[in-house]
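Please read it with the sequence and the coordinates at hand.

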Amino acid sequence: MQTLDTFYIGGAWVTPDGQATMPIRNPADNSRIGTLTLGSPTDVDRAVSAAKNAFESFSRTTKDERLALLHKLLEITRRRQGDLARAMTTEMGAPATMSHDVQAASAIGHLEAFIAALDGLPEEETLPNGDILTREPIGVVGMITPWNWPINQIALKVIPALATGATCVLKPSEHTPLSANIYAEIVHEAGYPAGVFNLVHGDGPGVGAAIAGHPDVAMVSFTGSTRAGTEVSRAAAPGVKRVTLELGGKSPNLVFADCDLETRIAEGVAECFDNTGQSCNAPTRMLVERSCYDRAKQLARRAAEAQKVDEPAKAGDHIGPLFDEIQYDRVQAMIQAGIDEGATLLTGGLGKPEGLEDGWFVRPTVFADVDNAMTIAREEIFGPVLVMIPFETEEEAIAIANDTDYGLAAFVQTGDAARARRVADRLRAGVIAINGRGTDYGSPFGGYKKSGNGREGGVFGLEDYQEIKVRAPFVA
Ligand code: NAD
């Protein structure tokens, strides 16, 4: 049993003002593994005040000083990768191997890319008109993160603040506090001045809303659902804060008959199921050219039936449970909606896989003959559920792909380089993967439409945390 009853504020672990608590549970068997104390607006005030004080001097550090601290952070993050991975396996069910090699590794990958970006970012530029441009840290940044990629999201927000000289108050998801505490320990050990990084635990309405509306917070960086992102934007509006949002997705995967069908379908299914389908950028709508549709259905079914589901604590390439009961009920309701609306259930369906009845495990599921107007094609399911939609022409594929409220990612499978380029150019999404090659650390990550605004990662992620100042050249 772990009792998380302190917050990291002003460089020390302090007793919070908030008194309410909530259980921390292991999704693999729903057992209680700890208790989290939830903060109050008073805790947010205290953390923002510490961050505001620290900004005075941290904002004036040199790039070299901040690079040295980031290198120290990198060394400690590498050493504690295993601790981060075990925490995420326990609190949200990421399978051990994936939790270590992908979830926890992201803290290292993003940090290396941010170091390279900061290194290459000029501190001062002379514009063609002779005026001089400088970049300055924006101020105190409020950060609100979700449970599905807990450390990835924290790294994408905290590191650019540390890199640019901004200071921050992080509210991680109340469902994944264990990994967040370890991250705070890493930042502490790296030797950041007191108040540069602060951690307040709590729920959305209690702590998240207080951060979003706080008058001394200059910017809010939010990742989570479109619903909560909209509320954060509203709370931030009176203060005219900068708000960056990384929200939901319903990403299309366009499969043309000229691709290596066997490989591309198998990978597309696996990518949709990765992290038990709980990824904002998962390729959840597989659009397949009619001429290869029947074959694609067979291949998708075979891949889904080969997908192993098992205990997250075990090493291997299986998927784990969904992270909680609410998520489990939601995925079941979506599978039921697919059946009710007349989609063809190729494999999977309602209920839990045999032998895994204790945790929030679900059956990898594929629906075919889906119409893009159906609920399962429009709404984020956030579970291992793939929908397959046939198309006749390239033009129709692009139209179906773009017919969504979201625009986070899109995937293209074709043997024709010219088509890959042509189609990628017309997709209304921020991140395009082609033939299994995704984008890398250091590239901007973010979406169009209701998937949000702003970009995280690399130089674009740094720029979101900076103000731009221009001054006239000195004339005597
Ligand atoms: P969520 O919106 O319920 O919660 C996200 C965070 O917001 C949590 O810390 C929560 O406490 C907080 N929150 C909730 N209501 C709030 C409010 N009114 N004011 C301030 N804060 C509030 O999302 P979740 O269930 O934790 O995460 C899943 C969602 O996140 C999915 O929609 C997924 O697509 C999205 N997501 C997006 C990205 C991306 O980069 N685009 C990455 C990961 C997850």
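1. Basis. This is a predicted model, in which local features need pLDDT of at least 70 and side-chain atom pairs count only at pLDDT 80 or more, while totals for chains, interfaces and linings use all residues. Residues are numbered from 1 along each chain as its sequence is written, and side-chain values use heavy atoms, with hydrogens and water left out.

2. The three-stranded sheet. Three strands form an open sheet in the order β1-β5-β4, with mixed pairing. Strands are DSSP runs of E of at least two residues and helices are runs of H or I of at least four, numbered from the N terminus; two strands pair if DSSP finds at least two bridges between them. β1 and β4 are the edge strands, each with a single partner, so one side of each has no neighbour in the sheet. On average, neighbouring strands here are turned by 25 degrees against each other, direction ignored.

3. Pairing around β5. Strand β1 (residues 2–4) runs parallel to β5, with three bridges between them. Within this pair, Leu4 stands opposite Leu36, and Thr3 has Thr35 as its bridge partner. Strand β4 (residues 21–26) is antiparallel to β5 and joined to it by six bridges. Here Pro23 has Thr35 as its bridge partner.

4. Cover of β5 and its hairpin. Of the seven residues of β5 (residues 31–37), five are buried; buried means under 20% relative accessible area, exposed over 50%, and partly exposed in between, with a 1.4 Å probe and protein chains only. The hairpin of β4 and β5 has four residues between the strands, and Asn30 in the turn has a positive phi of about 65 degrees. Glu325 lies in helix α11 (residues 325–340) and counts as partly exposed, because its relative accessibility is 43%.

5. The seven-stranded sheet. A second open sheet to look at has seven strands in the order β15-β16-β17-β14-β13-β19-β20, again with mixed pairing. Its edges are β15 (344–349) and β20 (431–434), each with a single partner strand, so one side of each is left without a neighbour in the sheet.

6. β13 and its surroundings. Strands β13 (residues 252–255) and β14 (residues 285–289) pair in the parallel sense over four bridges. Pro252 stands opposite Arg285, and Val255 opposite Val288. Both faces of β13 are covered, with Pro252 and Leu254 buried on one side and Asn253 and Val255 buried on the other. Helix α10 (residues 293–306) lies across β14, β15, β16 (363–368) and β17 (385–391), and runs at about 170 degrees to β17. Angles run from 0 to 180 degrees between N-to-C directions, and axes are lines fitted to C-alpha atoms, for helices over the stretch in contact.

7. Two helix pairs. Helices α2 (residues 63–79) and α5 (residues 150–164) pack at about 145 degrees, their axes 8 Å apart. Arg66, Leu70 and Leu73 of α2 meet Ile159, Leu162, Ala163 and Thr164 of α5, where contact means heavy atoms within 4.5 Å. Helices α13 (residues 394–402) and α14 (residues 417–426) pack at about 35 degrees, with axes 10 Å apart. Glu394, Glu395, Ile398 and Asn402 of α13 make this contact with Arg419, Arg422, Val423 and Arg426 of α14.

8. Nonpolar cores. How many residues are in the largest nonpolar core? It has 65, and those with the most contacts inside it are Leu70, Leu73, Tyr183, Tyr192 and Phe197. Such a core is a set of buried Ala, Val, Leu, Ile, Met, Phe, Trp, Tyr and Cys residues joined through side-chain atoms within 4.5 Å. Leaving aside neighbours within four places in sequence, Phe197 is in contact with Tyr8, Val158, Cys168, Leu170, Ala184 and Val187. Another core lies apart from it, with 30 residues, among them Phe256, Leu287, Ile376 and Ile389.
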